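Subject: Structure handover

Hello,

I am passing this structure on to you.

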Amino acid sequence: MIVVMSPNATKENLNNVVQKLESMNLRTHLSTGDERTIVGVIGDKKIIANLEMEMMEGVEKTVRITEKYKIVSRDFHPQDTIIDVGGIKIGGKNIVVMAGPCAVESLEQVRETAAAVKKAGAKILRGGAYKPRTSPYDFQGLGEDGLKILRQVADEFDLKVVTEVVDRQDIPLIEEYADILQVGARNMQNFQMLKSLGKIKKPIMLKRGLSATISEWLNAAEYIVTGGNENVMFCERGIRTYETFTRNTLDLSAVAAVKELSHLPIIVDPSHGTGRRPMVMPMARAAIAAGADGLMIEVHPHPEKALSDGNQSLTPKDFQDLMSNLGEIAAAVGRTI
Ligand code: PEP
Ligand code: MN
């Protein structure tokens with residue numbers, strides 16, 4: 001349920017509302033807008049069902065929320081959330097680009113990639129040190145050595161780091177090196193891991209599961225935020241459909257859906273979303289037109305030699321072309337890049 005305070009409610013009115021709710025063992029979540037404050041109420045459904053708040057001073061109305069996810073919903077928090085990643089704002093007017101190799105393979109590979117993506121305008125360096133591979137015989141990532149390479153190179157080029165966590169036991173280690181922790185598609189419903197990520201402070205990028213509905217995805221985010229970490233961004237990376245020409249079907253309607261349902265930012269990954277290099281640029285452009293807050297793009301200095309996802313990786317030159325192609329689209333939808 002949400003309690004909508006009237007525009008002229010006093011601080012005291014608000015305190016009384018919060019106190020009443022907390023005295024009934026309910027949790028409150030405040031969203032302070034320019035006009036009015038909204039109090040989100042979470043807790044025992046039976047207690048909430050019988051709540052009468054309208055007669056309290058300063059309360060304009062109460063609204064029942066039927067969706068299971070609450071804190072991530074736009075009803076709870078009408079304004080867009082902007083996540084601050086060491087000064088880089090995700091979810092505001094500026095579109096943030098994350099780029100880098102699928103997997104960290106060597107210091108030289110990451111350095112060459114970072115130099116190129118920085119020059120082209122990316123703000124965040126991506127790269128997997130722990131890779132969730134379909135086959136156990138495929139390259140599994142360099143582990144902590146990979147994290148060290150990412151951090152060192154990112155600092156060298158003044159970039160931030162996003163990297164995937166595949167096991168909740170690795171969270172403390174990855175937290176030391178990364179600025180954003182990525183939950184991969186295969187772990188979107190690893191609820192124990194999501195709960196652990198709710199206990200840390202660093203932002204989380206939650207990728208959409210291979211066959212997850214929008215509602216399942218938002219509920220997965222709710223697992224994180226309910227633990228106290230509200231710095232969550234979504235990442236649409238394509239879903240499984242009957243189509244085989246593309247690796248996945250990039251669901252850009254999810255961008256509009258998430259914008260409608262949630263206040264959290266959404267990033268689009270056209271690399272995994274299509275699996276095909278020539279499609280990355282058109283879908284990146286379409287993602288921006290659809291309202292995405294950022295892009296995640298795989299870039300490799302020598303895609304033909306990549307240990308993973310070479311087919312979808314852009315060369316540094318492709319990436320430069322892509323970046324110089326996005327400005328007009330961004331401007332057309334009132335954004336900058
Ligand atoms: C990745 O970003 O490297 C990755 C493995 O993506 P996904 O979880 O979307 O498959
Ligand atoms: Mn990849």
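Below is what was found, part by part. Please keep in mind that this is a predicted model.

The barrel

Start with the sheet. Eight strands form a closed barrel, in the order β7-β8-β9-β10-β11-β12-β13-β14, and their pairing is parallel. Direction ignored, neighbouring strands of this sheet are turned by 30° against each other on average. Look at where β7 meets β14. Strand β7 covers residues 96-100, runs parallel to β14 and is joined to β14 by five bridges. One residue pair to look at is G100 and E298, which are bridge partners.

The metal site

Which residues coordinate the manganese ion (ligand 2)? There are C102 (SG), H272 (NE2), E298 (OE) and D309 (OD), at 2.0 to 2.3 Å. Along the chain, these donors follow the spacing C-x169-H-x25-E-x10-D. H272 sits in helix α9 (residues 270-274) and E298 in strand β14 (residues 294-298), so this pair ties together parts that are 26 residues apart in sequence. H272 and E298 are both buried.

The phi of D309 is near 55°, a positive value in a residue other than glycine. Most residues other than glycine have a negative phi. Is D309 buried or exposed? D309 has a relative accessible area of 18%, under the 20% cut-off, so D309 counts as buried.

The helices on the sheet

Helix α10 (residues 277-290) lies across β13 (266-268) and β14, and runs at about 170° to β14. Helix α4 (residues 144-156) lies across β8 (124-126) and β9 (160-165), at about 165° to β9.

Stay with α4 for a moment. This helix has 13 residues. From first C-alpha to last, α4 reaches 18 Å, close to the 18 Å expected at 1.5 Å a residue. Its buried residues are G146, L147, I149, L150, R151, V153 and A154. What do the buried residues of α4 pack against? They pack against α3 (107-120), β8, β9 and α5 (171-177). Just after α4 comes D158, with a positive phi of about 55°.

A buried arginine

Next, find R208. This residue lies in the loop between β11 (204-207) and α7 (214-225). R208 has a relative accessible area of 4%, so R208 is buried by the 20% cut-off. The R208 side chain makes a polar contact with the side chain of E236, at 2.9 Å. A polar atom of the R208 side chain also lies 3.0 Å from the backbone oxygen of A212. Leaving aside neighbours within four places in sequence, R208 is in contact with several residues, including A185, M188, W217, C235, D251 and A254.

An exposed loop residue

Last, go to N25. This residue is in the loop between α1 (11-23) and β2 (27-32). The phi of N25 is near 65°, a positive value in a residue other than glycine. Where D309 is buried, N25 is exposed, with a relative accessible area of 69%.

Best wishes

Conventions: Residues are numbered from 1 along each chain as its sequence is written. Chains are lettered from A and ligands numbered from 1 in the order in which they are written. This is a predicted model: local features need pLDDT of at least 70, side-chain atom pairs count only at pLDDT 80 or more; totals for chains, interfaces and linings use all residues. Side-chain values use heavy atoms; hydrogens and water are left out. Donors are N, O and S atoms within 2.8 Å of the metal (3.2 Å for Na, K and Ca); water is not among the atoms, so sites may look incomplete. Helices (H or I, at least four residues) and strands (E, at least two) are DSSP runs, numbered from the N terminus. Buried means under 20% relative accessible area, exposed over 50%, partly exposed in between (1.4 Å probe, protein chains only). Two strands pair if DSSP finds at least two bridges between them. Axes are lines fitted to C-alpha atoms, for helices over the stretch in contact, and angles run from 0 to 180 degrees between N-to-C directions. Contact means heavy atoms within 4.5 Å. A polar contact is a pair of N or O atoms within 3.5 Å; within protein, one must be able to donate a hydrogen and the other to accept it, and residues adjacent in sequence count only if both atoms are side-chain atoms. The expected span of a helix is 1.5 Å times one less than its number of residues.
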